[in-house]
Each structure stands twice: as C-alpha cells, then as structure tokens.
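Look at the structure first, then read on.

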2 protein chains.
Amino acid sequence: MLSFHSHVPVAGTLEAKNRMQHAFEVLKDEMTSDKVGYYKLPTLSLEHLQTLKAIDTSSFEQIVVIGIGGSTLGTKAIDSILSLNTPDAKEMIFFENSDPLTISRNLSKIDKDKACFFIISKSGGTIETTSIFKTIINHFKLDLDGEDNGRVFAITDHGSPLSRFAKHHKLQEFNIPDNVGGRFSVLSAVGVVPLAMAGYDMNAVLDGAQELIESFFKEEENHLLQKANSFYENRQNQTINVLFSYADSLENFTKWYVQLWGESLGKIDIEGDRVGLTPIGLIGSVDQHSFLQLIIEGPKDKTVTFIKIDDFENELTIPDISLYAIESTNFINNKSFNTLIGAQCDATMQSLVESGVNVDSISLDKISEKNIGALIINFELLTSLVGAMLKVNTYNQPGVELGKQILYKNLENI
Amino acid sequence: MLSFHSHVPVAGTLEAKNRMQHAFEVLKDEMTSDKVGYYKLPTLSLEHLQTLKAIDTSSFEQIVVIGIGGSTLGTKAIDSILSLNTPDAKEMIFFENSDPLTISRNLSKIDKDKACFFIISKSGGTIETTSIFKTIINHFKLDLDGEDNGRVFAITDHGSPLSRFAKHHKLQEFNIPDNVGGRFSVLSAVGVVPLAMAGYDMNAVLDGAQELIESFFKEEENHLLQKANSFYENRQNQTINVLFSYADSLENFTKWYVQLWGESLGKIDIEGDRVGLTPIGLIGSVDQHSFLQLIIEGPKDKTVTFIKIDDFENELTIPDISLYAIESTNFINNKSFNTLIGAQCDATMQSLVESGVNVDSISLDKISEKNIGALIINFELLTSLVGAMLKVNTYNQPGVELGKQILYKNLENI
C-alpha cells in the first residue's frame, strides 16, 4: 500500500480547479482514444506472461539485457528493488553504455550455455544496442539460426527493422505497442518479459499498477492532481524537483524517474517557449551528508518528494555495545536500523518543512511487487498531468536528434 | 595528462580580472596560513604511505570501510576508476547507509579472517558509522584487545572521541589534519590509507595532485580562474552545473563532485543571502537517452562540463557483421568502442554548443593514477575559487544541524 502526504496547502482557486480538471480530461482522452498507450499496459501485458508459459526457460540462469534508456532503466529499477525479497531470482546482466571497459567486463561474466539474450530497441537502430549485439554474436559465436535460436529474444515495435530481423531468423519476438514511448514502456514487454523470466512476480506488479490506474480514472487520486498543480504553479521558482528515497535499492528507481521527468517535460511548449523541470535523485540517509546542505541553505529553487519504506522486514538491530569515549551514541542502542532510517527520513523531512521547502512524501508499507507497480504508475500519471498543464508533447524527444546527426556525420569521417 | 577546453569566451573586463585575482589571493592565503589544509595533503599524506610499509597487510583480502559522506565518497570514486586497470586490487566493501538490507547483504560478503576494517569519522559521533561499527563488532565477535586488534583501523581527527577510543584499545590510528574538512579529505588518510592497502598506487595519485597544485599556485592554470569566474557571472541564470562523464567508472566520481560542489557552495553568504549552485552528475552515452533532451530544449539554466577519456586502452571493436534489415548500422562496423564513445561525447558537446549552452571539457589522455589525482585537485580548487567569489564559507555545513537535532529528539521518544 502507498500512502501520500503533502505539506503543500491544497489549491482551491477556480483557476487551479479548472487546470486540474482540464489535465484530468487530457489524460482521460489520451487513454480512451488510445493516443497514449501506457494506461492499458497493466492489462495488455498479461498476454506476454501467457506467452512465456509456453517457453522452456529452465536452462537459463543469466538474463542478459541489451538496451539503453527507456529499454533498460525501468527494468533495472524493478530488478534492484525486488531482488532483495526474491532470493531465487536469476542474475540479470545489463549492456547499455558504449564504454568498452564495461562491455568487456560484462562479457566475461556470461556463461553462454546458461544465458538468454534480450535485444531491446523500439526501432532497432539504436547505435549502442546494435553495436553491442553484434559484439555478443561475435564473442559467443551465436548461431541464430541453429542451436542458439531459442536463447535470443527481440523486443521491439511491430514492423520495425529489428522485428524484421527477428522474423528473418525466426527468433521469439515480443512487441511494444506503437503508442507507448520508451520511457513509459517498463510495464510493456520491455520490462515485463525479461523480469518475468528472471523469476519476478510480474502479475503482482501489473496488478498494483492497474489498481492505481483504475482509482485515478475513478477520480479517487486527487493528491496527484494537487501535486501536479503545485509543480505547475511553482514552475518559475521551484525549477528543481528532488526525489529523496530512503532505501539503497531505490537508486535505479530514481534514475528511471530522472529520465521520465526530464525527457518528458523538458520541451519547447506550444507557444514556442522553453519549459521543463529538472529532476534530481537522492538516496537517504547517505545524501543527508552530501546534498542536504544545499537544499536547506541554498537558493529556494527546489521541491522535495520523499519515498519512505515503513517496514524493511529486516530485524537487524544496533547492538547494546558501549564504545569507550563514544558513549554519546548509546541512545540508539537496541533500536533497529529500520527504526533508524525511518527516523532519519522523518527528521530530514521535518527540517525541510521548518526551512520552508515544498515537501511531500510517499510511504510504502513494505517493499512488494504491488507497491512497485503502483509507484511506477504514480510517477507516470504525475508526469502526464504536469505535461498537460505545461502544454508540451510529453511523449516525444526531438531535442536529441541534432546530436545523432552530428555523430553519424563525424563517424563517417573517422 | 589533463587537457582543458572551454567554449566560453575569455573574461577580460577589469572587474572580472580583479575578481579572479582576489579569489586567487584568497586561496593562496588559505594555503600559506594553513587555514585550509587540503592544499598540502599531496605531500603530507606521504607519511601515511611510509607508516603502512611497517604493517603486515598480506593476510587482508577484503578492505572494509565504514563511513559516510566525505569519509567514503572520494575513496569509492578512486576505487571505481582504478580497479579497471589494477587487476590485482583487493576487494573494497563500503558500509555507509543505515539501510538494513544493504548492511545485512554486506555482512554476508565478509570473511572476517581475510578482512580488515576501517572506521572513518572526523568526530567519531556519526550515527550511521558508529551504529554499523557496533553491528560489525557484534556480528563477527571482534576481539579488539586480542586477536582482532591488528585488523581494525581508525581514521579520525586528533583528540576526537574516536581517537580516544582507538588509543584505549591500542588500535592503529591515522589522523586527519584539523584544517581539512570531510569533503576535501580524500587525499588525507581518509582515502589514501584504505586505497593503498587495497593495492592502488597512491604515490602516483598524490603526485598527480601535487603537480596541479604547484602549477596552480605558480599561476599556470588560468583556465580554472576563468571557469570559476564564468560560474560566478552566470550564477543567477545558469544555476545548475552538470558534470557529464563519458565513462561508467566515473559515476562515483560524479557523486563525489556533487557533494563537493553542493555542500561547499550552498550557503548563506556574508550578506545573509541564500546562494549556491546545483550540481548534477551524468554518465555518457547512457544519459544522452535520459537527461539530454531537457538540456537541449528545456530552460537555459544549465552549464555542462564534459569529462572524456581519450584512450580507454581497450581494443574491443564492433565486428563486421551485417544484421538483416538493420544494415543501416553497418557504418560503425570495424570501429572500436573507444572511437564510438569518444565520438558520442564530441557530438553531444557540439550539439550543446550549437544550442547555445555554456560548455567546457576536460580530457584525460587515459585512466591513470596521476590523472585521477589531478582531476580531484582540479575540482577542489574550482570549488574554493567559486566559494571565494560567492563570499561564502566553503568549508562548513551548518544547514544539516537542524535535522540532526530533530533526529536525536525524535529517537529519544521512540
């Protein structure tokens, strides 16, 4: 279960109410008209789980994922969180960057006979992904039409070059709906298939996501509209939105959030103005010793959303030991680390509220599949709402094209 | 060797020249008067390397470091970078956060008979560090006065509670100079001792740092003054400073930078105003698929500094394979990943320059101990220069005290 709490006053002006109502209608239209597809993924993706049942995956001990950006960030986030309470989950190895040292190190970890390989790209033309895939084919002498045919899977758009490649070699293929963009695709085949193959209960993840979608469209998640409106109203002065998660395992989730928020909202709006909000991911308590000073005493240009785990389901307790000359720390003896990290989150939140920072929080009763599904949808809905208020195209990324063109031109001349 | 390149016009006004000269004099005074100690660490820390020679470390295969914030960030950064070209480096295990799941997992990785333990805290009162240290003592039944006496080391300020604890148990102790703050302490015993014990050539790291310090104070690093002045002059509009590093192994370095920049400059200045610049760490090429869109089309509130490795010293090459239907990617065949990632960095930089973003770059000819030492000093000097221009106390962190007081009060009531 997720609980939401905001220290921001509820917006009650007619203008705010109209803005929230309008944004809600935009999302409802995106959903019902199928202009935007992620709203229906929690039910649509169930078919992939059915398909997987017919595939013998018992020999796969390593799940190798080749992709970048939206093709891996969400999958890594879920793997990092759920591996903690899924002790028999299979090892996932991600190839993303074109850094040769990482690629070489990852290659050395793989035992081909125990591995399956996912190549994930909406188009199939992603330069990092295809270059790494070629390297893997070469390194392991993969026989795509013979003995290795059953260990290579493609996840891509219908009719894409990668889809045609998969059909040519009769590889098992999973498709991403055309109306689902990369950074909104974690609950499509992109995340669901490799994570299910790794042993995670993706039915439960989809279930948690579906519940929040349904209650949102039943107008039972007003906090999301309020939160989006607060981001919108403060967009000129509170330009930086910090997600401060009190659990190490949420670090990859904050990276997923950074892509979702930054790439969706950083746009030229319909009036030709540059708009956008800058996301930052922090991990508590570690970043209390790093970034917190800047939030407290620096420019008041930040909002902070805390994510707190109420129960880590771990009993580790600070022993009742008194250290010579350090007896001043004994007041924490016999308390659990679960209590300590929760108290640290609460204290940091309270200190920010007292410093006048715009703060809200999301509490998870525990780390669970359903909670992760709901958490993903929470941020996707919030992103769509803010995008509707900012009047941008939330779902494209035209700004990165220039760099690609320069790259292709430069590489041809090397 | 580090090469610096800036796309920002050189500041030539009298006001800018005076500002740069004044900041230079502030740093020179900090150094000569010993008000600030990090400038002399590259020579002072040589004595720790001498001390280590007398300690038999041959039985240690795991270097366990217990600390948080400035006590670990720099050490992790160096370990991540140099482990790639130091194949016989020992495993380093870091205990930082109060997250019970991470602590439990780390405990299970340790073989006590092959491990040594560093407890690192300037004061000794850091709540995460002492709580974890007690947990380790209890978990491994460490006999501090008996058989385990030689495997536990303390790194702390002279005369601190932790220093008194170490003396009480006759533990080997290394001290941090009083005039060196946590986030400037990586080249003190804090980083040098555990990293040397892990097998890294810390003499070379200190050597690289010393060379840059000397040339800076000989007024041979004018680019640093120019860069600091540019940050200062644009502080109202370009409030976010991105460090975009094109190497996976630099991710922990960007985290070290985030603490250094955020916690040093986010302050109430001498006139009572809230000032500060917000640091963000990105990794290329991955974050081209995540954050770049926001920089290109979002608000023009960001500067970007690229770090590029000219030669990864890795020959991995994209094989000459043509994939059915994906032949459009063949133009990159037979090129090395080293070439690809370098070209990606150049293309992204060029696209940002063309978009009017304030861009500069630091190129490392390769990943080496000397280059890492220089890179650390480069950012420390830059931080001190900008702090002098902003008229803040670069070396304290008063803002985080409120949260600590709330934590102590709340925990007493649980």
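Chain B can be laid on chain A by a turn of 180° and a shift of 0.0 Å along the axis, with an RMSD of 0.0 Å. That is the relation of a two-fold axis. The superposition is by least squares on the C-alpha atoms of residues with pLDDT of at least 70 in both copies. This is a predicted model: local features need pLDDT of at least 70, side-chain atom pairs count only at pLDDT 80 or more, and totals for chains, interfaces and linings use all residues. Residues are numbered from 1 along each chain as its sequence is written, while chains are lettered from A and ligands numbered from 1 in the order in which they are written.

**The axis**
- Of the residues of chain B, B:Ile280 comes closest to the rotation axis, with its C-alpha at 3.7 Å.
- The same surface serves both copies, as 100% of the contact residues of chain B recur in chain A.

**The interface**
- In chain B, 99 residues are in contact with 99 residues of chain A (contact: C-beta atoms, placed from the backbone, within 7 Å).
- Helix H13 of chain B, residues 337-354, gives the most to the side of chain B that touches chain A: 13 residues.

**A helix pair in chain A**
- Helices H3 (residues 46-53) and H8 (residues 189-197) of chain A pack at an angle of about 35°, with their axes 10 Å apart.
- Helices here are DSSP runs of H or I, at least four residues long, numbered from the N terminus.
- Axes are lines fitted to C-alpha atoms over the stretch in contact, and angles run from 0 to 180 degrees between N-to-C directions.
- A:His48, A:Leu49 and A:Leu52 in H3(A) meet residues of H8(A) including A:Val192 and A:Met197.

Terms used
Two residues are in contact if their C-beta atoms, placed from the backbone, lie within 7 Å. Helices (H or I, at least four residues) and strands (E, at least two) are DSSP runs, numbered from the N terminus.
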